[in-house]
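Look at the sequence and the structure, then read on.

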Amino acid sequence: MTYFTILHWFAIIVIGLLTILIIVLSVRNHDGKSSLLAPILATLFIMTIFAIFAIYGIDKYTKIARLENVVQKKVLINESFSISGQIRNIGNFKIGQCVLEVKIANDSLEKIGADSAIFVPKSALDNLFNWGEKSPTVETTKEFVIAENLHTGEMRNFTIFMRYPSSYAKPYTRYELFCH
């Protein structure tokens, strides 16, 4: 569960007051020839979108955590690995939940010569015109909740275990932390 800070409530109040102000001005300037429904619905829609982005932005920059002493170990007996370490809340507000997203990809690239790998540069427009094509890389992604209700300055230990496909010759692991 995410916790609203004083900044979240301030943004909601300001956006609510702006919404009320715009609706009052629309009603006062109404000439009676057209409907008031369209401007009121447009105002509510735009301000709702603005409030969602404002809350998301405030949440992203007030709920800050850091991973420390992260160690990754392979467990060869069951073809899995473990990631252990500590998570610390370095922000000024309480964090509701921290999720660690772990991605595993097969890092075996085809070799042409002694040390060169095949590289095909892509343009940004490739994504627009190649919707049906899938990328040749195979990734496995899994999310783990590693902390809940993390107070300011608090540090907690975590350990996660994840299996990787046995067909992976050289599994490459990447992880990313999301807190809200």
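## The disulfide and its surroundings

At 16% relative accessibility, Cys179 counts as buried, where buried means under 20% relative accessible area, exposed means over 50%, and partly exposed lies in between (1.4 Å probe, protein chains only). The model is predicted: local features need pLDDT of at least 70, side-chain atom pairs count only at pLDDT 80 or more, and totals for chains, interfaces and linings use all residues. Residues are numbered from 1 along each chain as its sequence is written, and side-chain values use heavy atoms, with hydrogens and water left out.

A disulfide is a covalent bond between the sulfur atoms of two cysteines. Here the term is applied to a pair of cysteine sulfur atoms within 2.5 Å, and the count comes to 1 disulfide. Cys98 and Cys179 form this disulfide, with their sulfur atoms 2.2 Å apart. Cys98 lies in strand E3 and Cys179 in strand E6, so the pair ties together parts that are 81 residues apart in sequence. The torsion about the S-S bond is about 110 degrees, so the disulfide is right-handed.

| Residue | Strand | Relative accessible area |
|---|---|---|
| Cys98 | E3 (residues 95-106) | 0% |
| Cys179 | E6 (residues 171-179) | 16% |

The protein chain has 3 helices and 6 strands; helices (H or I, at least four residues) and strands (E, at least two) are DSSP runs, numbered from the N terminus. From the N terminus on, the order of elements is α-α-β-β-β-α-β-β-β. Of the 180 residues of the protein chain, 25% count as buried.
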